[in-house]
Amino acid sequence: MSLVSATENGVDLSRPNPARMYDYYLGGVHNFAVDRKAAADVLAILPETRDFALQNRAFLRRVVRYLVREAGVVQFLDLGSGIPTVGNVHEIAQDVNPDCRVVYVDHEPVAVAHSRKLLRDNDNAAIVQADIQDTDTVLSHPDTRRLLDFDQPVAVLMLQVLPFVPDADDPGAIIGTYRSACAPGSFLALAHSLTPEFWPGAVDQAIELYRRSTHPLHLRTPEQVEALFDGYDLVPPGVVFTAAWRPDHPISQQEAISSRAVAGLGRLPLR
């Protein structure tokens, strides 16, 4: 996508975008100079940010595999899905069960454009361009209704999207709307960046850099993240450091802490 076409499609090139910065952390190419400059500034202050992004991606792989293999889930609603990189939800899920259906939701034009290109030959996956807070649009969209049966369990994924939702917008109420739309036995997977005391170095400077982006950061404590699972039964091991959620191999406490984020999976009780 050229800078000219990006501008014409509503991409704000005057400020960095966290989704495109995240793509840069992961080694992606769907970002612009303004994003690369901001991401490089963050990495100069907090080089741990790249490991944080990679740990979040690894949690995505583990939780989707668990949901398909062990919980039998075949429907996914990925809210704030971001720019597609290797190992997307549909690739992970459909590798285990080709019948899995995935609806991605994002409002960032670059993320949506590249997702549409990636999914054009996949009848079981689609991208909805919407803000996750616009729950009516997300839940009533034709692609959502075509691919997801809300009378059957759905896994709602909210991985590193709520740090860009301020308390004033009531993230708990947003989750509650999606929860109410889902059948018993549905799941909520959350991953969320932690408050400054869980980060080393000059984290406040990095947070300030994000304040200049299109979506400032709103970090939360582990207790605040766990509270977002209201109405769900937590799947063991509960809300833990991201790297410590059902790791593929034993990890040390230091490795767990280096996630700088927590993650968990909740299940709606069966009636």
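**Exercise 1. Identify the residue with which Lys-37 forms a salt bridge, and describe how the two are placed in the predicted model.**

Solution.
Step 1. Lys-37 pairs with Asp-41 in a salt bridge, and the closest N and O atoms are 2.7 Å apart.
Step 2. Helix α3 (residues 33-45) holds both Lys-37 and Asp-41, which lie four residues apart, about one turn of the helix.
Step 3. Exposed means over 50% relative accessible area. Lys-37 has 53% relative accessibility, and therefore counts as exposed.
Step 4. Asp-41 has a relative accessible area of 26%, so Asp-41 is partly exposed.

**Exercise 2. Determine which parts of the chain are tied together by the salt bridge between Asp-167 and Arg-220, and classify each partner as buried or exposed.**

Solution.
Step 1. In the salt bridge between Asp-167 and Arg-220, the closest N and O atoms are 2.8 Å apart.
Step 2. Asp-167 lies in the loop between β4 (155-159) and α9 (171-181), and Arg-220 in the loop between α10 (203-211) and α11 (222-227), so the pair ties together parts that are 53 residues apart in sequence.
Step 3. Asp-167 counts as exposed because its relative accessibility is 58%.
Step 4. The cut-off for buried is under 20% relative accessible area. Arg-220, at 4% relative accessibility, therefore counts as buried.

**Exercise 3. Locate the partners of the salt bridge between Arg-20 and Glu-108, and name the network to which they belong.**

Solution.
Step 1. The structure holds five salt bridges. In one of them, Arg-20 pairs with Glu-108, with the closest N and O atoms 2.6 Å apart.
Step 2. Arg-20 belongs to helix α2 (residues 18-25), whereas Glu-108 is in the loop between β2 (101-106) and α6 (109-119), so this pair ties together parts that are 88 residues apart in sequence.
Step 3. Arg-20 and Glu-108 are both buried.
Step 4. Through salt bridges that share partners, Arg-20, Asp-35 and Glu-108 are joined into one network.

**Exercise 4. Characterise the lining of the second largest pocket by residue class and by the element that contributes the largest share.**

Solution.
Step 1. The volume of the second largest pocket is about 170 Å³.
Step 2. Residues that line this pocket include Gln-55, Arg-61, Arg-62, Arg-65, Asp-248 and Glu-255. Also among the lining residues are Ala-58, Pro-247 and His-249.
Step 3. Sorted by class, the lining has four nonpolar, two polar and five charged residues.
Step 4. Helix α4 (residues 48-69) supplies the largest share of the lining, five residues.

Notes:
Residues are numbered from 1 along each chain as its sequence is written. This is a predicted model: local features need pLDDT of at least 70, side-chain atom pairs count only at pLDDT 80 or more; totals for chains, interfaces and linings use all residues. Side-chain values use heavy atoms; hydrogens and water are left out. On a 1 Å grid over the protein atoms alone, a cavity is a set of points where a 1.4 Å probe fits but cannot get out, and a pocket is an open set with protein on both sides within 12 Å along at least five of seven lines; lining residues have an atom within 4 Å of a point. Grid points are joined across faces, edges and corners, and a volume is the space filled by probe spheres set on the points. Helices (H or I, at least four residues) and strands (E, at least two) are DSSP runs, numbered from the N terminus. Ala, Val, Leu, Ile, Met, Phe, Trp, Tyr, Cys and Pro count as nonpolar, Asp, Glu, Lys and Arg as charged, and the others, Gly among them, as polar. A salt bridge is a side-chain nitrogen of Lys or Arg within 4 Å of a carboxyl oxygen of Asp or Glu. Buried means under 20% relative accessible area, exposed over 50%, partly exposed in between (1.4 Å probe, protein chains only).
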